[in-house]
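Dear colleague,

Please find the structure below, handed over for your use. My notes on it follow directly after.

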Amino acid sequence: MNPSIWELETFYRKRDVIIVGAGFTGLWTAISVKEKYPERSVLVVDRSAVPIGASTRNAGFACFGSLTEVISDSEKMGWEKTLELVKLRLEGLKKIQNDFKADEIDFELCGGFEIINDEAPLQRIDEVNEKLKSITGLTKTYALNQSKLKEVGLGNSRFLIENSIEGSLHSGKLLQKLLEKCQILGVEFLLGTEILDINENKNSVKIIAQDFEIEAEKIVIATNAFTKNLLPEIDLVPARGQILLTGPIENLKLRGTFHYDEGFYYFRNLGNRVLLGGGRNQDLKNEETDSLDTTDFLQNHLENFLKTVVIPNQDFQISNRWSGIMAMGKEKSPIITKVSERQIAAVRLSGMGVALAPKIGDRVAEIL
Ligand SMILES: Cc1cc2nc3c(=O)[nH]c(=O)nc-3n(C[C@H](O)[C@H](O)[C@H](O)COP(=O)(O)OP(=O)(O)OC[C@H]3O[C@@H](n4cnc5c(N)ncnc54)[C@H](O)[C@@H]3O)c2cc1C
């Protein structure tokens, strides 16, 4: 199909910046670029009618990170990079709270909690707090909170560590608000448009879709777990996360966002229901996929975890099951880099993109 002159001069005209991917990274980037350079034209393109990447399929933790996760990160990539990542998340969380009213995105500063069953991480709590002090401004970023264990019905667990920075939100509502903000700023959209390739030469760069091409001065690739088709060399692997949600539970005591096993398991209340996800480490090879199916093996495993750890002694029914795809790599830090003269990649947001994406947008706008 040949595009008409009308299409070529409007929808498919050259833009200053094209962003591929309308998840949190793409949308925060579009906002940052428009705020920094209001005169530049910005087009966001996504393959789905509704952006159905990780951003709309996650657990809705406004994630700061748990004690064991920070310890594990520091062991894998050293304190400097770990602290940099913590700072990025903290600033991202502040930006979310600054830009949107709590009731617009169901944001609740409920605190983040981690179940710990062995004492080793507890021995390091003071050391970690000392490292984080300059970033959070708190003497005790993490603190033991044993009274909460009983209060929220986690009686089968030994220790509970609290951080007061984490919150929960409604990922769908956040994405919708970002779309609204983009529209107010004059960002244009082409949804339902898969980008098959990107061609760059000395004078410009263009996205190639099934029926048309669009030129740009710069392209930002914000396709997270689905980036390999466009940038085969990039260091990332897809990692599926599976989730289940219970129906309403009478007298549910659980309140807040909870982590277990270095963040491999996560659960929270959604009103009087429980959302539980994770367990990927039980079936790592099969979960290294970008298929959005759920598997009986992991769903049964999660149900069992729900029965034994999260809501022992309470009847429940499962009302929803879904999965989403994260992007992981050798390192946990996101990739924010110029891949060529006119292309920037902002990908690999691991399991913490809600908090990371707002500041990644700012960084990309700076690189542009
Ligand atoms: C199950 C699960 C639970 C999670 N829980 C949390 C949590 O509680 N807290 C937290 O902070 N993070 C969580 N995460 C991680 C977080 O959701 C991600 O880090 C974040 O959403 C990544 O945003 P993104 O915009 O980079 O990627 P995505 O949201 O995946 O967006 C990428 C977009 O690119 C589009 N796209 C891909 N290829 C193309 C193409 N060729 N052409 C056009 N468009 C394309 C896709 O349609 C998609 O909309 C979770 C993730 C999962 C999967």
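Into which domains is the chain divided? Domain 1 comprises 5-57 + 172-235 + 331-367, and domain 2 comprises 108-167 + 236-328. Please bear in mind throughout that this is a predicted model.

Domains and their contact

The centres of domain 1 and domain 2, taken over C-alpha atoms, are separated by 31 Å. Where the two domains meet, domain 1 contributes 13 residues and domain 2 contributes 11 residues. On the side of domain 1 that touches domain 2, the residues divide into 6 nonpolar, 4 polar and 3 charged.

The ligand

The ligand is surrounded by 43 residues. The closest of these are G23, G53, G241, G324 and G353. Both domains take part, as at least three residues of the shell come from each of domain 1 and domain 2. At least two residues are supplied by each of α2, β2, β12, β16 and α9. Among these elements, α9 gives the most to the shell, with 4 residues. By type, the shell around the ligand divides into 22 nonpolar, 17 polar and 4 charged residues.

Helix α7

Helix α7 covers residues 171-185, which makes 15 residues.

Which residues of α7 are buried? They are S171, L174, L175, L178 and C182. Seen down the axis of α7, these buried residues fall within an arc of 100°, and therefore they line one face of the helix. The spacing follows a general rule: an α-helix has 3.6 residues a turn, so residues three or four places apart point the same way.

On the face of α7 turned away from the buried side lie the exposed residues E180, Q183 and I184. Just after the helix, G186 takes a positive phi of about 90°.

Individual loop residues

T141 is found in the loop between α5 (125-136) and β5 (143-144). Is T141 buried or exposed? It counts as buried because 26 C-beta neighbours lie inside 10 Å, where the cut-off for a buried residue is 20 or more. Leaving aside residues up to four places away in sequence, T141 touches N129, L132, T136 and N163. Of these, N129 is 12 residues apart from T141 along the chain, yet their C-alpha atoms are separated by 5.6 Å.

N251 lies in the loop between β12 (237-246) and β13 (257-260). Phi of N251 is near 55°, a positive value in a residue other than glycine. N251 has 7 other C-beta atoms within 10 Å and is therefore exposed, the limit for that class being 12 or fewer.

N313 is placed in the loop between α8 (296-310) and β16 (318-328). Its phi is near 70°, again a positive value in a residue other than glycine. With 8 other C-beta atoms within 10 Å, N313 is exposed.

With kind regards

Technical notes
Residues numbered from 1 in each chain as written. Predicted model: local features only at pLDDT ≥ 70, side-chain atom pairs only at ≥ 80, totals over all residues. Expected span 1.5 Å × (residues − 1). Arc of directions from axis to C-beta. Domains from an automatic or database assignment. Contact = placed C-beta atoms within 7 Å. Nonpolar A, V, L, I, M, F, W, Y, C, P; charged D, E, K, R; others polar. Near = placed C-beta within 6 Å.
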